[in-house]
Amino acid sequence: MQLEQLIRAHGEELLRLAYTYVKNKETAEDIVQDVLLKAFEQQGQFRGEASYRTYLYRMTINRSYDYLRSWSHKNTILTEKIQQIFKGTKSAEQEVLVLTENRVLGEAVLGLPLKYREIIVLYYYKELKIDEIAEMLSCSDNTVKTRLRRGREKLKQTLEGGAWDDEISNETGH
């Protein structure tokens, strides 16, 4: 597969996935660029134990985790907090979220702790199955189910009384 085909086939969904972790468009773009270049360069090493899509998701998640652990990320967070104190304005990403149709739900999902957010995103937005998520995150099916349930509960608490209340209640079986 050529690099251009990889980008066309997977670039957009990997970008959305990376953004859910790093919450910054430029950083997400850098991560996806790194992942796609690495995937292209290492095509012969893909063993086919999982789908290629799952393989790319795993690479994107790992690269996102690497970024979140990096000094660069921690320094960026500190700088942004200091700038917000002095400016009192929202970042461009926050303003885009405010303008979207599903901004309330999007903000609630992005506000979840990472271990719940990633499960919610992979299950609902990427439509992966429990066993696929478990394999991708190297944990058990029961861990995924527990985090999914707890993530839904946290979303319900956040969105209680809002337009999404009935939908989340139906999802969680309450």
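The model is a predicted one, in which local features need pLDDT of at least 70 and side-chain atom pairs count only at pLDDT 80 or more, while totals for chains, interfaces and linings use all residues. Residues are numbered from 1 along each chain as its sequence is written, and side-chain values use heavy atoms, with hydrogens and water left out.

Of the 174 residues of the protein chain, 36% count as buried; here buried means under 20% relative accessible area, exposed over 50%, and partly exposed in between (1.4 Å probe, protein chains only). Among contacts with a separation of 6 or more, 61% come from residues 24 or more positions apart, a contact being heavy atoms within 4.5 Å.

We turn next to one helix pair. Two packed helices are described by the angle between their axes and the distance between the axes. For helix H2 (residues 25–41) and helix H3 (residues 52–69), the axes come within 9 Å and cross at roughly 130°. That makes H2 oblique to H3. Axes are lines fitted to C-alpha atoms, for helices over the stretch in contact, and angles run from 0 to 180 degrees between N-to-C directions. Angles under 35 degrees count as roughly parallel, over 145 as roughly antiparallel, 65 to 115 as roughly perpendicular and the rest as oblique. The crossing of H2 past H3 is right-handed, that is, the near helix is turned clockwise from the far one by less than a right angle.

On the H2 side, the contact is made by Thr 27, Ile 31, Asp 34, Val 35, Lys 38 and Ala 39, which meet Tyr 52, Leu 56, Met 59, Thr 60, Arg 63, Ser 64 and Tyr 67 in H3. By class, this contact of H2 with H3 has seven nonpolar, three polar and three charged residues (Ala, Val, Leu, Ile, Met, Phe, Trp, Tyr, Cys and Pro count as nonpolar, Asp, Glu, Lys and Arg as charged, and the others, Gly among them, as polar).

At 1.5 Å a residue, its 18 residues should span 26 Å, and its end C-alpha atoms are 26 Å apart, which agrees; the expected span is 1.5 Å times one less than the number of residues. The buried residues of H3 include Arg 58, Ile 61 and Leu 68. Leu 56, also in H3, counts as buried at 0% relative accessibility. Beyond residues up to four places away in sequence, Leu 56 touches Leu 6, His 10, Leu 14, Val 35 and Ala 39. Leu 56 and Ala 39 are 17 residues apart in sequence and 7.5 Å apart in space, C-alpha to C-alpha. Leaving aside neighbours within four places in sequence, Ser 64 is in contact with Ala 18, Tyr 21, Val 22 and Ile 31.

Two loop residues complete the picture. Lys 23, in the loop between helix H1 (3–22) and H2, has phi near 55°, a positive value in a residue other than glycine. Lys 23 is partly exposed, with a relative accessible area of 37%. Glu 127, in the loop between helix H7 (114–125) and helix H8 (130–137), has a positive phi of about 55° although it is not a glycine. Glu 127 is exposed, with a relative accessible area of 63%.

Note on methods:
Helix = DSSP H or I, 4+ residues; strand = E, 2+ residues; numbered from the N terminus.
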